[in-house]
Amino acid sequence: MTATLSASELMSELAGSRPPVLLDIRWQLGGPDQRPAYEAGHIPGAVYVDLDRELAGPAGSGGRHPLPDPEAFGAVMRRAGVSAGAPVVVYDGGLGWAAARAWWLLRWTGHAEVRVLDGGLDAWTAAGGAVSADAVSPMEGDFKPTPGGLGLLDADGAAALARKGVLLDARAGERYRGEVEPIDRVGGHIPGAVSAPTSENVGADGRFLPGAVLRGRFEGLGASGDVPVGVYCGSGVSGAHEVLALEVAGVAAALYAGSWSQWSSDPDRPVATGPLPQ
């Protein structure tokens, strides 16, 4: 199964004999709650899932968006109508980060049939897709999480991978270089990590570049799949988008979910600055 699908493909599947469960994961970093936007208009049948409250645990030593408790996540997915063996499509407002977080969590907890709507709600409406303000009450699903479906790194694992494989930093280049740090305690990057901004995985319309183009990009960064590949970002959200881009390119990658928000909070962890990995 591919990791993404287009708006036209989603329309066909919704009209078919095996329509997917739809999850609306609209979210803005530091922005307002997106539930009102969902209630004003969503893809018909989509269930809203809150990233901060339902796709992350409480902020703390694990970072700003630590992974949720798997059982709590499973309960959220069942309430949203997710069942084992039934297809799921996730989407957000178009940036793709929040949808990728939901995709990663479902894949990590053992759900194989989940895809991201490429381009999100913007792509859906641009293709002529209808939106609805109707309340959605799905039937309870039966999904039971089994963590381990995708690679997961902790801080020590990320440090080791930066030396023995390829560790990609998905944040903006200026944050990687340590020129600015608007959120976390200190700027810079994990020593040995390679700058690979998530923004360069998509075109101007917010949709992923073709798989062959992405593969060329990642090969140029050393991530061809011949050695282990890992990704981190600020707090494990845009990093999931980069893991998704790598999957589109045909390269498996692990996610350091705690990311820079966890790493930089520990004064004993080394920090590198400047444009080079070291």
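Two strands pair if DSSP finds at least two bridges between them. Helices (H or I, at least four residues) and strands (E, at least two) are DSSP runs, numbered from the N terminus. The views below show a predicted model, in which local features need pLDDT of at least 70, side-chain atom pairs count only at pLDDT 80 or more, and totals for chains, interfaces and linings use all residues. Residues are numbered from 1 along each chain as its sequence is written, and side-chain values use heavy atoms, with hydrogens and water left out.

**View 1. Strand S7 and its two partners.** Strand S7 covers residues 166–169. S7 runs parallel to strand S9 (residues 229–232), and four bridges join the two. Within this pair, leucine 167 stands opposite glycine 230 of S9. S7 also runs parallel to strand S8 (residues 194–195), here with two bridges. Leucine 168 stands opposite valine 194 in S8. In general, strands of a sheet pair through backbone hydrogen bonds, either parallel or antiparallel.

**View 2. The two faces of S7.** In a regular strand the side chains alternate between the two faces of the sheet. In S7, Val166 and Leu168 lie on one side, and Leu167 and Asp169 on the other. These four residues are all buried, so both faces of S7 are covered; buried means under 20% relative accessible area, exposed over 50%, and partly exposed in between (1.4 Å probe, protein chains only).

**View 3. The sheet that contains S7.** Five strands form an open sheet in the order S6-S10-S9-S7-S8, with parallel pairing. Strand S6 (152–153) and S8 are the edge strands; each has a single partner strand, so one side of each has no neighbour in the sheet. Two bridges join S9 to strand S10 (residues 254–256) in the parallel sense. Valine 231 has leucine 255 in S10 as its bridge partner. Helix H7 (residues 155–164) lies across S6, S7, S9 and S10 and runs at about 110° to S7. Such angles run from 0 to 180 degrees between N-to-C directions, and the axes are lines fitted to C-alpha atoms, for helices over the stretch in contact (heavy atoms within 4.5 Å).

**View 4. Another open sheet.** Its five strands follow the order S1-S5-S4-S2-S3, and the pairing is parallel. The edge strands, S1 (4–5) and S3 (47–48), each pair on one side only. Strand S2 (residues 21–24) runs parallel to strand S4 (residues 88–91), joined by four bridges. Aspartate 24 stands opposite tyrosine 91 in S4.

**View 5. Nonpolar cores.** A nonpolar core is a set of buried Ala, Val, Leu, Ile, Met, Phe, Trp, Tyr and Cys residues joined through side-chain atoms within 4.5 Å. The largest one has 52 residues, of which Leu23, Met77, Val90, Trp103 and Leu168 touch the most other members. Helix H5 (residues 97–108) gives the largest share of this core, nine residues. A second, separate core of 13 residues includes Ala158, Leu167, Ala193 and Trp260.

View 6. Serine 259 lies in helix H11 (residues 259–263) and is buried, with a relative accessible area of 0%. Serine 259 has a positive phi of about 50°, although it is not a glycine. Serine 261 is also found in H11 and counts as buried at 8% relative accessibility. Not counting residues up to four places away in sequence, serine 261 touches Gly63, Arg64, Asp184, Gly234 and Ser235. A polar atom of the serine 261 side chain lies 3.0 Å from the backbone nitrogen of arginine 64.

Definitions and conventions
A polar contact is a pair of N or O atoms within 3.5 Å; within protein, one must be able to donate a hydrogen and the other to accept it, and residues adjacent in sequence count only if both atoms are side-chain atoms.
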